[in-house]
Every structure is written in C-alpha cells, then in structure tokens.
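Hi there,

Here is the structure I promised to pass along, with some notes to read beside it. Have a look first, and then see what I found below.

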Amino acid sequence: MHQIQAFFTSRADAEIAIDFGTANTRIFLRGSGVVFEEPSLCCFRDETGRPDLVAAGSEVTRMVDRTSGSLHIVRPLVRGVLNDIDAGRELLRHALRTGIGRRHLRSPRAILGVPADATDAEQKALITTAQDAGVRVVQLVPEPLAAAFGADVPMDGAEGSMLIECGAGTTEVVVLSLGALCLKRSVRAGGQALNQAIADHVHSKHKFRIGAETAERVKLEVAEWMADDHSHPKDLQLKGYSLLSGGPGALAVSAQEIIGVVDRHAATIVDVVRAVLNETPPELSRDIHDRGILLTGGSASISILQHAIARATGLTTRVAQDPLRCVTRGLGRMVS
Ligand SMILES: Nc1ncnc2c1ncn2[C@@H]1O[C@H](COP(=O)(O)OP(=O)(O)OP(=O)(O)O)[C@@H](O)[C@H]1O
C-alpha cells in the first residue's frame, strides 16, 4: 500500500517535484511554486544517425504534423510511461534549464509522479532518465495519490474516497483511505486516445484526414459546447486532407456526431470504474456513496465523461478545482 505519510518521511528534503506527463511536463520548485509548464514534446534532426535536439517543449507545438525530411517530432511519454529515453532526458534537461536554471541548483533532489500501475521496468527507466538529466530522484509518487493530496481530499481519516485521474495517456481509478491507495485500476488511454479516436472516425466516415492539433481542437470545442448551452446544434469546421478530392480540403462535422465518439471513449472508463466499485469493501462503498467520485486531470473537463460515470454508477461526480494541475499541486505540497 502506498501511504502518504511514507512520502513525507522519506522524501529526503527534495527541492523539486516533477510531474512528467504524456501531454504536459511541470516542475514545482520549493519556495517558488510552478516554474515550468510546457507540452511534453521534442523535435530532433537526424541526418547522420545521431539525432540532434532542435527544440523542446512549447516551441515544438507549432511544428507537430508539419515536419518532413530529417526533422522528427517525438513524444517522450506514451500512455503515461517513458517511450523514448533520449527524448525524455532532453525534455527534462530543457525543463530544468528553463525552470530553475538561473537559480543555480546543481543536481536537485526531486520527487517524481508515476502512474500507480507503472511496472518496475517503467519506474527504473524513469529514474535513469531523470538521473541522466541531472536530477537526484529521491522518491516516486503514484500520481493519483498526489492528485488526491493536491485536490484537498481528506487523507488522514479512515473514510474512503474514490478519485479518477483523467490524464492524456492514462486514466487511473483509485479508492483511498487512511492516506493510502486501497484499490487501483487503470486504462492506458486518456485524452490523446480520444483525439486519435476522433481522427479515426473522421477518416473512416468522411474519408478526410486531420492532424493531431485539429483533433485536439475539435475535442476542446465539443467539450466547451457541452459545458455551455448545447441545445443549439453546432458545426465544427475542419481543415485537412480529403481522400475524396485527393488534396487539401475543408469539412463541416456536427458536434453531435463527435459526441458519439466521446461516448464510446467514456464507456471504456465507466467499465473500469464499475470494476473498482465491485471490488470495494462495503464500509468504503458506503463512504464513496456519501462523498461521491472526484475527477482530476486535464481530461476531467469533458463533462460527458463526468455524466456517463454518474449515470452508470448512480453516484455524484465532481471535478476538482483546476483539475489539470492537481498532480503538480499535490507533489508540490509534498516538497514544501
Ligand atoms: N478543457 C478541456 N476539455 C477536455 N480535455 C482537456 C481540457 N483541457 C485539457 N484537456 C486534455 O487533458 C489532457 C492533458 O491533461 P494532463 O496535463 O492532466 O495530462 P498528462 O499529465 O500530461 O497525462 P498523463 O498523466 O496521462 O501522463 C490532454 O489530453 C488535453 O487534451
């Protein structure tokens, strides 16, 4: 069992906390707060077989789906865990230089967030990468535990709480009690899998290809439409490549059609929530019935997800304040 108290006693005076996410990387510096927050992206040029870093973080956003030849965009993390160690090291170096460089911290001691179900090999890869980037890793912290701490979930009592950390690469469902994770299950799918499902749907139904940036925009527009008054129909204007005309084109798709894709994505997460509720001991179930379910992470802002979980479980659901930053806030509190 991962106990929050253990992190306070063993954090060994960490100076920084790193939330190394599939979509975003954030660094919290003790005494200063969040000093770095940029997309988890790197761009390399590979002309000689030895790739050189061209750019990392925010600068790479506008290059996504626009590179060709020897330029490659790399996402260091896929589905919540490291997929490319070199890119991970370069992104962390960029984050440390940008976030704390001028403060002259040499080999800062750090705690790092990891998915609660990360394997030993995945954890080791993360530690090695962080060390190569110049960080002394003193502790790995399960991200749902950090999210709960950052979202002010009461941690010291015996009452149970259910939290769903909805990230870009993973969605983690946990039950917490006495400052520890009692039950945990996850799907290695989050906001990025939903973007891909939207792009695949547009491709197969309309024979029209859209890039990752367009799919992300479509998702955010639909999420915003659902959160506002969605009684009026809305059309989304897409630009991309038409397989029908064989060239660049524009396409209008109804928001209602995209909601069908989001519903299917939400159903996979609902299955996991149901599975965890089925395993939850009766006393903790009673607490969860009283307290409801808390959603954290960037993808928690998709109201369809929140409503689908509420409908399927009969429980109340609530999105944490500033859900994107709950993990970073929790990790930050552990080093403060
Ligand atoms: N308003 C919004 N509505 C819907 N989705 C959103 C919104 N804002 C952000 N997102 C999504 O949230 C995700 C990023 O969330 P977050 O920063 O918590 O993920 P991460 O920590 O990088 O991922 P992981 O923990 O899975 O590795 C992206 O997929 C983004 O599209």
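Thr171 has Val187 as its bridge partner in β13. Between the strands of this hairpin there are 2 residues, and Leu178 adopts a positive phi near 50 degrees. Please keep in mind throughout that this is a predicted model.

Next, the overall layout. The chain is split into domain 1 (4-147 + 326-335) and domain 2 (153-320). Their centres, taken over C-alpha atoms, are separated by 24 Å. Contacts between them involve 20 residues of domain 1 and 24 residues of domain 2. On the domain 1 side, α1 (4-10), β7 (77-78) and α5 (143-150) each contribute at least two residues, and α5 has the largest share, with 4 residues. By class, that side of domain 1 is made up of 12 nonpolar, 4 polar and 4 charged residues.

Now to the ligand. Around it are 24 residues, of which Gly21, Thr22, Gly167, Gly191 and Gly298 come nearest. Sorted by class, the shell has 14 polar, 7 nonpolar and 3 charged residues.

The UniProt entry, which is unreviewed, lists a "binding site" that includes Thr22, Ala23, Ala168 and Glu216. I looked at two of these positions in more detail:

- Ala23 sits in the loop between β1 (16-20) and β2 (24-29). This residue counts as buried because 21 C-beta neighbours lie inside 10 Å, and the cut-off for buried is 20 or more. Beyond its neighbours within four places in sequence, Ala23 contacts Pro39, Ser40, Ala168, Gly191, Gln192 and Gly298.
- Ala168 is found in the loop between β11 (161-166) and β12. With 26 other C-beta atoms within 10 Å, Ala168 is buried too. Leaving aside neighbours within four places in sequence, the contacts of Ala168 include Gly21, Thr22, Ala23, Gly190 and Ser299.

Best wishes

Methods. Residues are numbered from 1 along each chain as its sequence is written. This is a predicted model: local features need pLDDT of at least 70, side-chain atom pairs count only at pLDDT 80 or more; totals for chains, interfaces and linings use all residues. A residue is near a molecule or strand if its C-beta atom, placed from the backbone, lies within 6 Å of it. Ala, Val, Leu, Ile, Met, Phe, Trp, Tyr, Cys and Pro count as nonpolar, Asp, Glu, Lys and Arg as charged, and the others, Gly among them, as polar. Two strands pair if DSSP finds at least two bridges between them. UniProt positions are given in the numbering used here, feature names are shortened, and annotations may be inferred rather than shown by experiment. A residue is buried if 20 or more other C-beta atoms lie within 10 Å of its own, exposed if 12 or fewer, and partly exposed in between; C-beta atoms are placed from the backbone. Two residues are in contact if their C-beta atoms, placed from the backbone, lie within 7 Å. Domain bounds come from an automatic or database domain assignment.
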